[in-house]
Structures are given as structure tokens and as C-alpha cells.
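The tour goes from single residues out to the whole chain.

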Amino acid sequence: MAEENQGGNAGQGRGFGRGQGRGQGRGQGGGRRSGGMRAGGNCVCPSCGYKEGHQAGKPCFEKKCPECNTDMVRE
């Protein structure tokens, strides 16, 4: 019973370790360092179809299409 009320955090008595395993497996397929599947490619506008080369470290969704100002997506 004492564990259930420590710190007043509901739902944390049992289940220590809950959530572990998230983020595991990062870098599978080589990741950025070895030029995995995501190296290169294009950013494309889903509205008008404008394409632009992808730049490493700059996600496509942070770019705006110069033609119609829509958020771009990775091709």
C-alpha cells in the first residue's frame, strides 16, 4: 500500500519499466552516417507537384513550396 501513494503519482506503483523499448532500433538500415535508404531523394509539393532535392538535416516538411506555399513532403 505504501508504494501506491508515494509521490502522489497515480498509476506508477507497479509497472516500472513501462515505456522501455521506445526508440530502440534507431539507425537500422544504416541511418544517415552510412547513407542508408533515406539519403538523397526529393522533397515534393503534394498540391502542385513541384520537386526539389532533399538537403541532409533539413526535413522536407519544414520547407514551403516556392510555387504555391504549401508544406512539402518527402518523396
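Predicted model: local features only at pLDDT ≥ 70, side-chain atom pairs only at ≥ 80, totals over all residues.

Leaving aside neighbours within four places in sequence, C45 is in contact with Y50, C65, C68, T70 and M72. C45 sits in the loop between strand 1 (42–44) and strand 2. Is C45 buried or exposed? C45 is buried, because its relative accessible area is 2% and the cut-off for buried is under 20%.

C45 and E75 are 30 residues apart along the chain. Their C-alpha atoms are separated by 9.0 Å.

Next, select K63. K63 lies in the loop between strand 2 (51–53) and strand 3 (73–74). This lysine is also listed as buried, with a relative accessible area of 7%. What does K63 touch? Not counting residues up to four places away in sequence, the partners of K63 are C43, E52, G53, H54, Q55, K58, T70, D71 and M72. Zoom in on G53. The backbone oxygen of G53 is 3.4 Å from a polar atom of the K63 side chain.

Keep T70 and M72 selected. T70 and M72 are among the contacts of C45, and both also touch K63.

Now zoom out and switch to cartoon. From the N terminus, the order is α-β-β-β. Colour by burial: buried residues make up 12% of the 75 residues. Then show the surface. The chain exposes about 6400 Å², with 45% supplied by carbon and sulfur atoms. Finish with the contacts between residues at least 6 apart in sequence: 28% of these join residues at least 24 apart.

Definitions and conventions. Residues numbered from 1 in each chain as written. Heavy atoms only, no water. Helix = DSSP H or I, 4+ residues; strand = E, 2+ residues; numbered from the N terminus. Buried < 20%, exposed > 50% of the residue type's maximum accessible area, 1.4 Å probe, protein only. Polar contact = N/O pair within 3.5 Å; in protein donor to acceptor, adjacent residues only side chain to side chain. Contact = heavy atoms within 4.5 Å. Areas by Shrake-Rupley, 256 points an atom, 1.4 Å probe, with all protein chains shown as cover.
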